[in-house]
Structures are given as C-alpha cells and as structure tokens.
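Have the structure open and follow along.

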Amino acid sequence: MNPTPFNPASPAVIDELRAALGAAAVHTDAETLAFAASDETEDLAFPPEVVVTPANANGVAAVMRIAARHRVPVTPRGAGTGLSGGALPVHGGIVLSTRALNRIVEIDRDNLMAVVEPGVITQVFQEAVEAVGLFYPPDPASRGSCFLGGNLAECAGGPRAVKYGVTRDFVTGIEAVLPNGDLIRHGGKLLKNVTGYNLTQLIVGSEGTLAIITKIYLRLLPVPRHRTMLLVPFDSLEACARTVPAIMNAGVIPSALEFLERDAIEITQRHLGKPFPNPGAAAQLMIELDGNDEGVIQRDAERVAEIALGEGATDVLVAETGARMNEMWALRRAIGVAVKSESNYKEEDTVVPRASLVPLLLGVKEIAARHGIRTVCYGHAGDGNLHVNILKMDMSDERWNHALEPAIREMFELTVSLGGLISGEHGIGYVQKKYLPIAFSSEEIEIMRAIKRAFDPTGILNPGKLLPDP
Ligand SMILES: Cc1cc2nc3c(=O)[nH]c(=O)nc-3n(C[C@H](O)[C@H](O)[C@H](O)COP(=O)(O)OP(=O)(O)OC[C@H]3O[C@@H](n4cnc5c(N)ncnc54)[C@H](O)[C@@H]3O)c2cc1C
C-alpha cells in the first residue's frame, strides 16, 4: 500500500468534532494528550492533536465521517495497556478513546451470553458475571485495567487459555464502525454461524486497523465450583519446560499452566516486597486445576504432582485456600509490571507448539548469551507462549542498539523454525511490524494488505500498525 498523505486535526476539524459530540467529549488539554501519547509499550510517545470520548456508536461513526472527510488519522484506544504499541498515534491526528462506551448492556442467563460495550474493564465484567454464577475465562494479567474492546482487538490470552481458549473463542458477534463511518453488525448470541465470511473473527485480533468495535457479544460458562493450585520448583529450565507436555500427555488439562523463571520471581519479590515460595529454584510451574467435582480435581492434582516429580521437580507445594491461591495469582500478575520497573526493556511474545518449549527456551538463552544480553522469561507454558523480556540494565546505548535487533531476529527465526509465530497474544502493532516477514511470505502479507484496503481504502484507521512499511 502506498503511504497515504494524512492531515493533522486542525482547529477547524476539532470544531467539527465538538459540534458532533459536544465539547465535553473533545479533549485538547496537555494532560489528556500526553496520556494518549503512550501505552505500556517500552517508552514510546506520539502525542495526538485531539482525544475524543464518544458515548455511543453514533458518536464513533460521526468521528470517523469527519476524519475520513479531512483525511485525519484515527487511533482507537482502550485502556492503553497494550504491549506492542497498537494504541500509539504514530501519525498524530485523533485518538478515539472508548472509555465512555462502558456499559454492560445485558447478561443473558438463558442463553449464557452477555452483550457489552468495548470500554468495560475486563475484571469488572468477570466479577459481574460471577455475581450471577457465570464465568468469563479470558483473564489477561492486566485484567484490572484493560478493556474488553482492547482484549478483542488484540485477541488477548492469559493463563486460562490453556483450558478455555483465548478471547476470540468467546466472541460470537460484534457491532463495529468502519473507517468511512458506516456501522456494521455481524453474528450475535449465536453458538453456530457459517453464514458467509466471518467478519467477527476477522475484526477480532485486527488491532484496531479494520474497524472500531462498539458492541460485543460474549459467550459465558457456568462458574466452576472448585479449584486447586500447585507450585512446582525445578533445578533446571529444561526439566521444568519438559514437564508441560508430559502433564497434557497424561490427559489432565489444567486451567492454568504458567512458567516462571527464577529471575522473574526474584524481580517480582523485590518489586512487591513480598516473598514467593521456592525463590532459589531455577524455574517453577504454577498449575491451577478447576472443575465441579472436588474428588476429580484432587486425583488430577496427585497425578500432576507424580508426573512433575518424575520429570525432576524438587518439591510440590499446594495452595490450600482460596486466599492463598489469590495471593499466588497477585504475584503472578505483578511480574510484567515488576520486570518493566527493573530496567529499560524489550518484550517478545513468542509462541510455539507446546512440546517445542524446551528447544525454544534453551535456544533463546543461547542466543542471548552469544549477543551478551540478559533475558528474563515467563509465560503461559501450557499454550507454548513464552514472554521473553530483554533487559538493558547498565548496557551502553551503543551496545544495546547494536545487539538488540540481531538477537530478536534470531529468536524469531528460531521460533518460526519450531513451527511457531512471533506473537501469541500481545499483537504486532507498531514495534513488531518489521519482523512480520520472518513469519509470512510476501504473498501472505499481500493478502493482509488487500484485507486492510477493503476495510480502509484511505488508510486513516490506525495507520503505521501491524503491516510492515511498504
Ligand atoms: C502488566 C500487563 C500484563 C499483561 N498481561 C497480558 C496477558 O496475560 N495476556 C494478554 O493477552 N495481554 C496481556 N497484556 C497486554 C494488554 O493488556 C492486552 O493486549 C489488552 O488486551 C489491551 O487492552 P487495552 O484496553 O489496554 O487496549 P489498548 O492498549 O488501548 O489497545 C490495544 C489495541 O486495540 C485497539 N483497540 C482498542 N479498543 C478498540 C476497539 N473498541 N475497537 C477496535 N480497536 C480497538 C487499539 O487501537 C490497539 O491497537 C498485559 C499488559 C500489561 C501492561
């Protein structure tokens, strides 16, 4: 696609936005612009000219019509917790925040479905459905702040994906605004739908580059009545990673199967000022099992413990109470923030078939050692999804800039050679787009460009994301 010449949001455009939305939904103050300039991706900042907060789909459509008329770029923004720079307004223009689209429209118990707006915080939604005995499993570690719309746009995963699936597995329909301002609806409270191309699933995971999601239909489950958690330390990374497929092979599907390297635990302990069990272990698995039959869970937990000890675990600790499990989860969810606070860093989100976790992990460590960089690894081992955090620490800028990109390329090439891909759940966004050709052929990337053109012929919606620069 040729670069489209964009215009900034001029004072005249901002006046049009005020006339369409009301002055209270149009923000040009320095604080709001600075806030919308960044997300959780490294230390990048691209200030927009204006931030808008429409309160309904008609408002979103009005913004897109104005933007299309003046060729002003629009960047959709949820809570700004993204880790690939998807919400960064890299070409300036308008940031469209969904924070005012924050209603849980309906929790439909008869159909086990919910209808929500995109600005609902994930944890708020989970708690609302749990209050009526239902369960929405996708639980990114950022669930206390991220929005459901952002979860759809990134197809967020999280620990429970190993048993229940990722966000897309729960989305049965959407309403969305196209870049020209047209409103489309697809799917609904439907468990089956093969009526034409699946626009819902095309937009899920499209990182805000095809359409702005304004309403979401989500499938729910009954809440499991029991759960238990095991914490399993190992003396070697290899034994720890090897245990993951061994558990699955035994016919047990945990509701979470997380890998934590020693450094990740140490940094998080220091950050929180709280101890974590087995801090000296080279790596640990955090394993949760859930279901309705306590006896079955107990037997599965014993089987998992046996397998882990057989693979070389040095101990198996059980979190006996709900409070203890929640404490463990709080520690696990804090790792990302803790690692970020440790040093300048670059975060990679590799994913391989889970049985290839051992060669991935060992390969990443070998590449890092050869390039003289420090990596801290943790992630959703049950999904083969390893977060590789590369920490700058006290490296000079020159050495960092010299070592980083070749090391990342090698790690991604390794990932792809193992049958994997370069992002499992954080998306491509702004910071990973140059690596996309490692994963896809030029023909495959051209199909993606054609899809983008079909939705957004002038390229005003979230430009500079996902697809490599031409
Ligand atoms: C500490 C921490 C832990 C995390 N843990 C996990 C994890 O376990 N699993 C995981 O998958 N991710 C995780 N993330 C990443 C992040 O939280 C997710 O990608 C999340 O889904 C982003 O949601 P958001 O509302 O913050 O979206 P933003 O960051 O605001 O936006 C993300 C993308 O979605 C687009 N977008 C937002 N709303 C819409 C909409 N309504 N329509 C169209 N496009 C839209 C934006 O343009 C952007 O491209 C973590 C992040 C942090 C900081």
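In strand β10, leucine 218 is the bridge partner of valine 171. Strands here are DSSP runs of E with at least two residues, helices are runs of H or I with at least four residues, and both are numbered from the N terminus. Two strands count as paired if DSSP finds at least two bridges between them.

Before going further, a word on the source. This is a predicted model, in which local features need pLDDT of at least 70 and side-chain atom pairs count only at pLDDT 80 or more, while totals for chains, interfaces and linings use all residues. Residues are numbered from 1 along each chain as its sequence is written, and side-chain values use heavy atoms, with hydrogens and water left out.

**Two open sheets**

β8 and β10 sit in an open sheet of five strands, ordered β5-β6-β10-β8-β9, with antiparallel pairing. β5 (104-108) and β9 (183-187) are the edge strands, each pairing on one side only. On average, neighbouring strands in this sheet are turned by 10 degrees against each other, direction ignored; the axes behind that angle are lines fitted to C-alpha atoms, and angles run from 0 to 180 degrees between N-to-C directions.

There is also an open sheet of seven strands, again with antiparallel pairing, in the order β15-β12-β14-β13-β17-β18-β16. Its edges are β15 (317-319) and β16 (345-351); each has a single partner strand, so one side of each is left without a neighbour in the sheet. Three bridges join β12 (residues 226-234) to β15 in antiparallel fashion, and methionine 229 stands opposite alanine 319 in β15.

**A parallel pair**

β3 (residues 74-77) and β4 (residues 94-97) run parallel and are joined by four bridges, with arginine 77 partnering serine 97 in β4. Val74 and Pro76 point one way from β3, Thr75 and Arg77 the other way, and all are buried. Buried means under 20% relative accessible area, exposed over 50%, and partly exposed in between, using a 1.4 Å probe and protein chains only.

**Around the ligand**

Which residues come nearest to the ligand? Of the 36 around it, they are Pro76, Gly78, Gly80, Thr81 and Ser142; a residue counts as near if one of its heavy atoms lies within 4 Å. α5 (148-154) is one of the elements that each supply at least two residues of this shell, and α5 gives the most, with five residues.

Some polar contacts (pairs of N or O atoms within 3.5 Å) are listed here:

| Residue | Atom in the residue | Distance to a ligand oxygen atom |
|---|---|---|
| Alanine 141 | backbone N or O | 2.9 Å |
| Glycine 157 | backbone N or O | 2.9 Å |
| Asparagine 462 | polar side-chain atom | 3.3 Å |

The protein covers 96% of the 980 Å² of accessible area that the ligand has on its own, by the Shrake-Rupley method with a 1.4 Å probe.

**Two positive phi values**

Most residues other than glycine have a negative phi. Arginine 71 has a positive phi of about 55 degrees, in the loop between α3 (57-70) and β3. At 30% relative accessibility, arginine 71 counts as partly exposed. Leucine 466, in the segment after α15 (442-455), has a phi near 65 degrees. Is leucine 466 buried or exposed? At 15% relative accessibility, leucine 466 counts as buried.

Conventions:
A polar contact is a pair of N or O atoms within 3.5 Å; within protein, one must be able to donate a hydrogen and the other to accept it, and residues adjacent in sequence count only if both atoms are side-chain atoms.
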